[in-house]
Amino acid sequence: MNPAGRATRATTRHTTPRLGLPAWVFVPAAVGALFVVLPLVAMLTRVQWRDFGALITSESSLAALELSLRTATASTVLCVLFGVPMAVVLARTSFRGQGVARSLVLLPLVMPPVVCGIALLYTFGRRGLLGHTMEVLGVQVAFTTAAVVMAQTFVALPFLVVSLEGAMRTAGTRYESVAATLGARPTRVFLRVTLPLVVPGLVSGAVLSFARALGEFGATITFAGSLQGVTRTLPLEIYLQRETDPQAAVALSLLLVAVATLVIGLTRGARSAL
Amino acid sequence: MSRTSNRLLAVVTAVVLVSTAAACGSSGHGSTKGAGASGSSSSSGLSGEITVYAAASLKKTFTEIGTQVQAAHPGTTVRFSFAGSSDLAAQLQQGAPADVFASADTRNMAKVSGAGLTAAAPVDFATNTLEIAVPPGNPARISSLRDLTRPGVTVVVCAPQVPCGGASVKVEQAAGLTLKPVSEEQDVTDVLGKVVTGEADAGLVYVTDVKGAGDEVEGVEFPESTAAANTYPIAVLKSSTNPALASAFLSAVTGVQGQRVLASAGFTKAP
């Protein structure tokens with residue numbers, strides 16, 4: 001982080017008094033935490049550790065894990081590429097209908113994932129809105145890994161936009177104004193002042209997007225289909241394994257949880273090192 | 001982080017919770033409640049209510065049979081929970097309270113009866129065979145199972161792990177063909193969805209699915225389909241709190257009227 005950022009942090013820390021918490025908040029907080037943690041514990045009790053290694057290293061499991069990591073990474077990159085400019089426009093400009101625009105961008109958050117998949121199908125499918133155009137261009141996304149990445153990006157993008165826009169509004173425009181007064185061009189201000197100030201927000205947004213992409217199920221199965229090594233990501237493999245081999249499904253679920261936890265943990269570590 | 005971003009985070013959390021709840025609510029556990037009044041017992045001596053766990057492919061036919069049962073025995077109520085057979089079997093094994101279970105295959109019924117949950121031996125009441133579903137107009141001009149192996153034809157089937165996929169493998173073997181599907185779907189609804197939207201040129205689904213989809217797809221019959229007829233068994237469960245009404249429902253399914261309802265939906269009689 002640049003010196004400006006460090007300065008803001010230090011001031012904030014200095015002026016904020018330590019707040020005491022009312023004792024009663026701990027009760028609902030503990031209940032809520034238990035509600036989240038208990039199902040994970042219940043899952044752990046169902047894992048047959050003897051076969052765990054064999055279950056998660058089967059050919060189909062490894063193919064699903066690899067595909068999941070590849071697609072979730074690709075969609076996180078896309079989320080950053082498109083989400084950062086979207087967040088900047090929402091946070092730093094004002095135009096008519098901005099509220100509506102923001103709601104529309106956040107819409108995938110409230111849509112059931114299957115509905116997202118149907119919407120994508122009606123847009124990019126063979127008979128969709130852009131289907132004909134894409135056929136002329138010789139592009140076909142149905143049943144390809146690209147379709148998986150599109151489905152994941154669609155549902156994960158709002159997470160990045162929301163967290164980054166919040167971070168930008170919090171950071172304020174003071175340093176940007178100063179930089180502009182000193183003669184910095186907009187691109188330079190954006191890259192050297194705006195972005196460095198919101199790196200923590202960007203990182204947490206990217207992590208949220210990655211986690212959402214990793215867990216994506218409904219939109220993928222509706223829009224992309226399910227074929228080993230091509231479109232069958234880890235959540236789809238888990239759902240399928242459950243049909244014949246519940247033990248394998250439990251083992252794979254644990255693997256998915258472990259991967260997600262690892263990613264969040266690593267990013268947290270990297271963030272606090274900033 | 002400051003108040004603004006915390007508030008945003010709260011909004012996001014709320015929104016995610018709501019959407020998750022909505023997604024859960026929309027999963028296929030629609031229960032149909034009949035018009036039967038509670039309490040008053042009919043001349044047949046049957047009263048009260050039962051819950052029937054039935055395969056999703058039985059939704060239309062069983063709802064109709066349930067209405068018939070309620071009409072024949074005033075004062076009774078037949079409720080349904082429709083979902084994938086393996087989902088229902090798993091729920092029953094975890095102790096879900098139900099009176100009757102009807103599965104789309106013998107494998108999932110075996111799970112339930114094997115766990116000692118059925119009151120009597122399951123009865124086979126219908127069979128279902130595969131058919132090729134194509135989009136209206138049959139753009140890829142499919143007329144046989146062999147046509148599905150033509151290069152450039154996008155075919156979607158069920159994954160071998162689910163009943164319809166197991167049946168697909170059997171017909172492939174019977175015909176001596178190997179299909180190269182672009183996708184192996186989780187269930188027959190997903191296969192049908194890919195055909196209805198025109199994403200796939202053809203899909204292997206059940207005869208009853210083609211009939212149920214109306215004008216949205218066309219069906220192409222093929223002789224090899226007889227190699228894989230899926231048998232539907234039904235059984236009264238030991239945990240039933242109303243075994244009399246549960247048996248009456250089972251009799252209605254296997255009886256003349258019930259069989260007529262099933263036949264008109266495309267099911268064939270169990271051998």
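Tutor: Two residues are in contact if their C-beta atoms, placed from the backbone, lie within 7 Å of each other. By that rule, 79% of the contacts in chain B with a separation of 6 or more are between residues 24 or more positions apart. The structure is a predicted model, in which local features need pLDDT of at least 70 and side-chain atom pairs count only at pLDDT 80 or more, while totals for chains, interfaces and linings use all residues. Residues are numbered from 1 along each chain as its sequence is written, and chains are lettered from A and ligands numbered from 1 in the order in which they are written.

Student: What is the corresponding share in chain A for residues at least 24 apart?

Tutor: In chain A, 78% of the contacts between residues at least 6 apart in sequence join residues at least 24 apart.

Student: How many helices and strands does the secondary structure of chain A contain?

Tutor: Chain A has 14 helices and 0 strands, where a helix is a DSSP run of H or I with at least four residues and a strand a run of E with at least two, numbered from the N terminus. Chain B has 9 helices and 10 strands. The C-alpha trace of chain A spans about 65 × 60 × 30 Å along its principal axes.

Student: Why is Q70(B) called partly exposed?

Tutor: A residue is buried with 20 or more other C-beta atoms within 10 Å of its own, exposed with 12 or fewer, and partly exposed in between. Q70(B) has 19 such neighbours, so Q70(B) counts as partly exposed. Q70(B) sits in helix α2 (residues 59-72) of chain B, and its C-alpha atom is 9.4 Å from that of F249(B), 179 residues away along the chain. Buried residues form 45% of the 271 residues in chain B and 37% of the 274 residues in chain A.

Student: Why are α5(A) and α8(A) called oblique to each other?

Tutor: Helix α5 (residues 98-110) and helix α8 (residues 145-171) of chain A have axes that come within 8 Å and cross at roughly 125°. Angles under 35 degrees count as roughly parallel, over 145 as roughly antiparallel, 65 to 115 as roughly perpendicular, and the rest as oblique. The pair is therefore oblique. The contact involves V105(A), L106(A), P108(A) and L109(A) of α5(A), and F154(A), V155(A), L157(A), P158(A), V161(A) and V162(A) of α8(A).

Student: How are the residues of the contact of α5(A) with α8(A) divided by class?

Tutor: There are 10 nonpolar, no polar and no charged residues. Ala, Val, Leu, Ile, Met, Phe, Trp, Tyr, Cys and Pro count as nonpolar, Asp, Glu, Lys and Arg as charged, and the others, Gly among them, as polar.

Student: What makes α9(A) roughly antiparallel to α10(A)?

Tutor: The axes of helix α9 (residues 174-181) and helix α10 (residues 186-197) of chain A come within 10 Å and cross at roughly 160°. This angle therefore makes α9(A) roughly antiparallel to α10(A). The contact is formed by Y175(A), E176(A), A179(A) and A180(A) of α9(A) with V189(A), V193(A), T194(A) and L197(A) of α10(A). The residues of this contact divide into 6 nonpolar, 1 polar and 1 charged.

Student: Which domains are assigned in chain B?

Tutor: The assignment gives domain 1 (28-127 + 231-264) and domain 2 (130-227), with bounds from an automatic or database domain assignment. Their centres, taken over C-alpha atoms, are 29 Å apart. The contact takes 6 residues from domain 1 of chain B and 5 residues from domain 2 of chain B. On the side of domain 1 that touches domain 2, there are 1 nonpolar, 3 polar and 2 charged residues.

Technical notes. Axes fitted to C-alpha atoms, helices over the stretch in contact; angles between N-to-C directions.
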